[in-house]
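This briefing is intended to be read alongside the sequence and the coordinates.

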Amino acid sequence: MEVITTQEIAILVCAAIGVISAVRVIAERNTMKKLPFLNVLSFAIAGSLALLLPDPLTILAAAAYFVGTTLESNAIASSYAGGPKNDE
Amino acid sequence: MPGDVVSILIAAIISWILFVSIDLIFGLPKTGGVSGAREIAGEIEREGGSLHGGYMMGNIVCSPDASAGTLLAACGVYIAGIPGGLAAAVLVYVGNRICYDRGYAGTTGALAATFLIYGFTTIGFSAAHFIAGMVIAILTIQGISHTHASRLLSRLWGWRS
């Protein structure tokens with residue numbers, strides 16, 4: 001019987017949570033309530049990236065991906081709230 | 001393999017306590033940092049959740065906070081040890097500024113997580129356990145029930161303030 005390594009178990013956990021949150025993003029009708037599920041999806045993808053590609057540049061790639069999705073969520077939520085003019 | 005599953009669950013609990021306590025210390029549930037975070041909090045409150053917990057969830061969505069810092073630090077430590085974690089902290093700091101966030105919750109979370117996770121790697125844990133653990137921890141806050149998660153965070157915020 002093949003032994004599953006620590007890395008593979010961690011990837012399985014991240015992938016399973018990623019798929020669950022992707023389904024919930026699609027199933028949720030309210031755009032504002034989609035964003036927290038999208039946040040979980042970004043965590044799962046950033047974690048999977050580091051586990052699948054253990055290379056120094058992956059830290060940069062995972063951070064760039066994560067900050068990028070956060071900025072997009074921020075932009076979507078802020079435009080629903082009326083844009084940056086409502087920020088003090 | 002059963003050892004790995006238990007280690008991931010322990011890592012999830014440690015990461016949860018770490019990022020929630022740093023976010024509470026930096027006052028994320030006090031108010032939304034940007035208008036989008038306040039909008040998300042308002043939506044969670046309309047669905048029966050609690051406003052201050054909603055602010056914290058909105059802030060987590062809108063800018064890299066201590067949870068993102070913990071995840072990226074775990075990735076950094078997994079790939080390159082302590083220097084990797086410190087590089088992740090710098091990237092989180094840059095990410096905060098890109099996202100119009102003046103706070104230091106993300107950077108502090110990344111630095112604290114780097115040394116914590118490195119410490120745990122010396123007693124038999126792997127940083128991979130903490131990557132999976134952090135994904136489980138964020139799932140419990142943002143991905144199961146927004147109503148219940150926001151009430152729990154509001155209760156913790158009530159104790160702190």
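The points below are grouped by topic.

The model is predicted, with an ipTM of 0.91 and a pTM of 0.92. Chain A has three helices and zero strands, while chain B has seven helices and zero strands. The contact between the chains takes 45 residues from chain A and 46 residues from chain B.

**Chain A**

- Along the sequence, chain A reads α-α-α.
- The radius of gyration of chain A is 16 Å, whereas a compact globule of 88 residues would have one near 12 Å.
- The C-alpha trace of chain A spans about 60 × 30 × 15 Å along its principal axes.
- Buried residues account for 41% of the 88 residues of chain A.
- Among contacts in chain A with a separation of 6 or more, 49% involve residues 24 or more positions apart.
- Helix α2(A) has 22 residues, and its first and last C-alpha atoms are 31 Å apart, close to the 32 Å expected at 1.5 Å a residue.
- Because 16 of its 22 residues are buried, α2(A) is largely enclosed by the rest of the structure.

**Chain B**

- The pattern of chain B along the sequence is α-α-α-α-α-α-α.
- For 161 residues, a compact globule would have a radius of gyration near 15 Å, and the 15 Å of chain B agrees with this.
- The principal axes of the C-alpha trace of chain B give spans of about 45 × 35 × 25 Å.
- Of the 161 residues in chain B, 62% are buried.
- Contacts in chain B between residues at least 6 apart in sequence join residues at least 24 apart in 74% of cases.
- The mean pLDDT of chain B is 90, and 99% of its residues reach 70 or more.

**Contact between the chains**

- The contact draws 45 residues from chain A and 46 residues from chain B.
- On the side of chain A that touches chain B, the elements giving two or more residues are α1 (6–27), α2 (31–52) and α3 (56–80) of chain A.
- Helix α3(A) provides the largest share of that side, 15 residues.
- The residues on the side of chain A that touches chain B comprise 28 nonpolar, 13 polar and four charged.

**Nonpolar core**

- The largest nonpolar core has 81 residues, of which Leu72(B), Ala74(B), Cys75(B), Ala88(B), Ile131(B) and Val135(B) touch the most other members.
- Helix α4 (residues 66–98) of chain B supplies the largest share of this core, 15 residues.
- Beyond its neighbours within four places in sequence, Ala88(B) contacts Ile59(A) and Ala63(A) in chain A, together with Leu72(B), Ala73(B), Cys75(B), Gly76(B) and Ala110(B) in chain B.

- Helix α5 (residues 105–121) of chain B has 17 residues and reaches 24 Å from its first C-alpha to its last, close to the 24 Å expected at 1.5 Å a residue.
- Buried residues in α5(B) are Ala105(B), Gly106(B), Thr107(B), Thr108(B), Gly109(B), Ala110(B), Ala112(B), Ala113(B), Thr114(B) and Ile117(B).
- The C-alpha atoms of Phe115(B) and Gly85(B) are 8.2 Å apart in space, although the two residues are 30 residues apart in sequence.
- Helix α6 (residues 127–142) of chain B has 16 residues, which should span 22 Å at 1.5 Å a residue; the distance of 23 Å between its end C-alpha atoms agrees.
- Helix α6(B) is mostly covered, with 15 of its 16 residues buried.

**Asp65(B)**

- Asp65(B) is located in the loop between α3 (51–62) and α4 of chain B.
- Asp65(B) counts as buried because it has 28 C-beta neighbours inside 10 Å.
- Not counting residues up to four places away in sequence, Asp65(B) touches Asp23(B), Leu28(B), Asn59(B), Ile60(B), Ala105(B), Gly106(B) and Gly109(B).
- Asp65(B) and Gly95(B) are separated by 30 residues in sequence and by 9.7 Å in space, C-alpha to C-alpha.

Technical notes
Residues are numbered from 1 along each chain as its sequence is written. Chains are lettered from A and ligands numbered from 1 in the order in which they are written. This is a predicted model: local features need pLDDT of at least 70, side-chain atom pairs count only at pLDDT 80 or more; totals for chains, interfaces and linings use all residues. A nonpolar core is a set of buried Ala, Val, Leu, Ile, Met, Phe, Trp, Tyr and Cys residues joined through C-beta atoms within 7 Å. A residue is buried if 20 or more other C-beta atoms lie within 10 Å of its own, exposed if 12 or fewer, and partly exposed in between; C-beta atoms are placed from the backbone. Helices (H or I, at least four residues) and strands (E, at least two) are DSSP runs, numbered from the N terminus. Two residues are in contact if their C-beta atoms, placed from the backbone, lie within 7 Å. Ala, Val, Leu, Ile, Met, Phe, Trp, Tyr, Cys and Pro count as nonpolar, Asp, Glu, Lys and Arg as charged, and the others, Gly among them, as polar. The expected span of a helix is 1.5 Å times one less than its number of residues. The radius of gyration is taken over C-alpha atoms; the globule rule is 2.2 Å times the number of residues to the power 0.38. pLDDT is the predictor's confidence in each residue, from 0 to 100.
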